[in-house]
Amino acid sequence: MSREREPRHRTAGSSASVRAPRGACNGEKRLECPVCEKQFAFRSKLETHLRTHTGEKPFECTVCQTKFAVSGDLRKHLRTHTGEKPFECPVCKQKFNHSGHLRRHLRIHTGEKPFECAVCRQKFNQSGHLRNHLRTHTGEKPYECTVCQTKFAVSGALRRHLRTHTGEKPFECTVCQKKFAVSGDLRRHLRTHTGEKPFECTVCQTKFAVSGDLRTHLRIHTGEKPYECTVCKKKFVQSGHLRKHLLTHSGDTHRE
């Protein structure tokens, strides 16, 4: 008795044949990828999946000609051109162009941190933050400056570093038009206009605009003097005080 052939299907625009797996009779996962044997319930899902093997990207942006394998990815991309942000946070009303960005943002409000470091158990609200953190354990620095070959663990750190070579200062104060290479420097500068001092000493309640100034101030209370003169071993609370002190030695040397 001749063996009955399995039914075969072809995807539109593809020469790859698709077969229905044995035992598929309830309408679920009827179609199987001929490359990796992953199964799908709908032909459209299989056709989209096949592009991961063929590299086909039939959906092209009419603005910048970037191509995509999935029509949904093109729709998301188009929002970068239109500025559309259809996903709104119900807590703070901030808007996003991707639903995934909103989901990540919501963790700021909920405090959810689903990504845990397997080494030190520290938790993160974004998978990317966990990946960056893991490099503190591995020492990996995959981002290299093409000018001076300095390496960085985080791509953002490389971008900031490159501005030391290019002189670019993309962050401008809206009050006095002073420009900065790093957004954090602009935030600190803006406090000179607003008078905001968010860093408060827990001992005497003195407030500071810059966290570094608070750290320096706390040494008044702790007695810590981390800056030591290499000549006479005298110690100082601030590095600037040490620099001034060193001039007294250079003056003595000059007189000799």
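Contacts, core and helices in a predicted model

Colleague: In this predicted model, which residues is Cys33 in contact with, leaving aside its neighbours within four places in sequence?

Modeller: Cys33 touches Lys38, Leu46, His49, Leu50 and His53.

Colleague: Which residues make up the largest nonpolar core, and why is it called a core?

Modeller: Leu31, Cys33, Phe40, Leu46 and Leu50 form it, 5 residues in all. In soluble globular proteins, nonpolar side chains tend to be buried together.

Colleague: Why is Asp73 called partly exposed?

Modeller: Its relative accessible area is 35%. Buried would need under 20% and exposed over 50%, so Asp73 is partly exposed. Asp73 belongs to helix α2, residues 71-82. Its C-alpha lies 8.8 Å from that of Phe59, which is 14 residues away in sequence.

Colleague: How do you know that the length of helix α5 agrees with its number of residues?

Modeller: Helix α5 covers residues 155-166, and its 12 residues at 1.5 Å each should span 16 Å. The end C-alpha atoms are 17 Å apart, so the two agree.

Colleague: Which residues of α5 are buried, and what do they pack against?

Modeller: Gly156, Ala157, Leu158, His161 and Arg163 are buried. The buried residues of α5 pack against β11 (143-144), β12 (151-152) and β13 (171-172). Just after α5, Gly167 has a positive phi of about 80°.

Methods:
Residues numbered from 1 in each chain as written. Predicted model: local features only at pLDDT ≥ 70, side-chain atom pairs only at ≥ 80, totals over all residues. Heavy atoms only, no water. Core = buried A, V, L, I, M, F, W, Y, C linked by side-chain atoms within 4.5 Å. Buried < 20%, exposed > 50% of the residue type's maximum accessible area, 1.4 Å probe, protein only. Contact = heavy atoms within 4.5 Å. Helix = DSSP H or I, 4+ residues; strand = E, 2+ residues; numbered from the N terminus. Expected span 1.5 Å × (residues − 1).
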